[in-house]
Amino acid sequence: MECFRRVNPFRACAGLRVLGYLMLALVAAIVAVSYYAVVVYAWGPLLLGGGGGSVAAAAIVLAAFHLLLIMMLWCYLMVVFTDPGAVPENWRHAAEEDDMDESNTRTISNDVATDIVNPPLFTSEGQGNASRYCSRCQNGKPPRCHHCSICDRCVLKMDHHCVWVVNCVGARNYKYFLLFLVYTFLETVLDTLVLLPSFITFFRDESRRSSSASDVAILFLAFVLNLAFALSLLIFIGMHTSLVASNTTSIESIRLAIIFVGSWLVLLACPNDMLCVGSNLLQVYERKKTVSWQYDLGWRKNLEQVFGTKKLFWFLPVHSSEDLHNIPALQGLGFPARPGAVV
C-alpha cells in the first residue's frame, strides 16, 4: 500500500506532451495534403491552362486559399510559441501583502481551523481577495490561475491544455487560439467547397478517371478531412463564442455548471425544507437569472478583455502596445470584477 501512496498520478499526464508533438506532425500532414489537392491537382492546372473565365476563378480561389493559409499558420505558430502566462516568482495577492504588513499574528493553523468551522460555499476560486497557494509550484496563485498537470506549472487564466498546439491556452495566447480556430474553419470550408466539383466530377465522369491512384486518394482524403474539421470546428467556435461573451474560461464554465447543477439538486432533494439549503446556495438560486459571474462585464467589455480595444488588431494575432498597457486581463494578473456578483 505504501508504494501506491507514493505514486503521483499526475505524472502520467506529462505523456500527453509526446502526443502533442505527434499532433504537430499531423497538422503539417493535413496542410500538405490539402495544399496538393487544391493547388496542384484541382485549381493550379486551371490557372495555367484554362480559359479566361477559368483562369479568373482559379486566381480568386488560389488567392483566398493562400491568404487564409497564411493567417491560419501565423495564428497557429503564435499559439504554439507564445507563453500563455507564467506566475511571477513569490507572487502574492495585493490584499494579502497589505494584511501581512498590518499584522502577522494570524497563523496558518488558525486559518485552517476557521475554514473547517465555516467552510465557504460555492465561491469561485479567484473571488474577492482570498489568497490561493499552489503546493506543487510552491507559489501563490493569482485569480483565475490553474495548475496544468501536463505542463507541470501554473498558467494565468488557464482555459485548457491543447494537445494540437503542445501548449496551454491562457491569458496571453487565448486570442491567438480563437483566431486560429476561425481561420482554420474558414480554410477548411473553402477547401471543401473548391474540392467538391472535382470530387463530384471524378465519380460522375469516367473520362476523368485516368488520374493516378495517388491523386485520387489525396483528393478523397483532403475532401473528407476538411469537411470533418469544418463541422467539428463550427461546434468548437460556437462554444468559445459563448465563453468569450460571458468572460468565462472552459475550466470556469465547468465549475459554474457544477455549482448550478448542485444548487438545483439540493433544492429538489428538500423542496419542503429550505433550512437544509445554505445561505450561499440560496443566493446562487435567487440571483442565477441576474448577475452570477463576477467577471461578466457585458459582452462588449468581455470581448475587449480578450481582443483589446483596437478593432484593427482584432483579426491579427497581435496586441497593440496601448491595449497591453491599459488592459490588465491581457497580462493575466488582474481582472476587473462586477460588483454584486454571486460567484
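Visitor: By class, which residues make up the lining of the largest cavity?
Guide: This is a predicted model, with residues numbered from 1 along each chain. Ala, Val, Leu, Ile, Met, Phe, Trp, Tyr, Cys and Pro count as nonpolar, Asp, Glu, Lys and Arg as charged, the others, Gly among them, as polar. The lining divides into 5 nonpolar, 3 polar and 3 charged residues.

Visitor: How many cavities of 30 Å³ or more does the whole structure have?
Guide: On a 1 Å grid over protein atoms alone, a cavity is a set of points where a 1.4 Å probe fits but cannot get out; lining residues have an atom within 4 Å of a point. The search of the whole structure finds 1.

Visitor: How much space lies in the largest cavity?
Guide: Volume is the space filled by probe spheres set on grid points, joined across faces, edges and corners. For the largest cavity, that comes to about 60 Å³.

Visitor: Which elements give two or more residues to the lining of the largest cavity?
Guide: The lining includes Lys157, Tyr174, Lys175, Gln305, Val306 and His319. Helices here are DSSP runs (H or I, at least four residues), numbered from the N terminus. The elements are helix H6 (174–204) and helix H10 (299–307).

Visitor: Which helix gives the most to the lining of the second largest pocket?
Guide: A pocket is an open set with protein on both sides within 12 Å along at least five of seven lines. This one has a volume of about 410 Å³ and is lined by 22 residues, with Trp164, Phe180, Thr184, Phe229 and Leu233 nearest its centre. Helix H2 (16–49), helix H3 (52–81), H6 and helix H7 (213–245) each supply at least two. With 7 residues, the most comes from H6.

Terms used. This is a predicted model: local features need pLDDT of at least 70, side-chain atom pairs count only at pLDDT 80 or more; totals for chains, interfaces and linings use all residues. Side-chain values use heavy atoms; hydrogens and water are left out.
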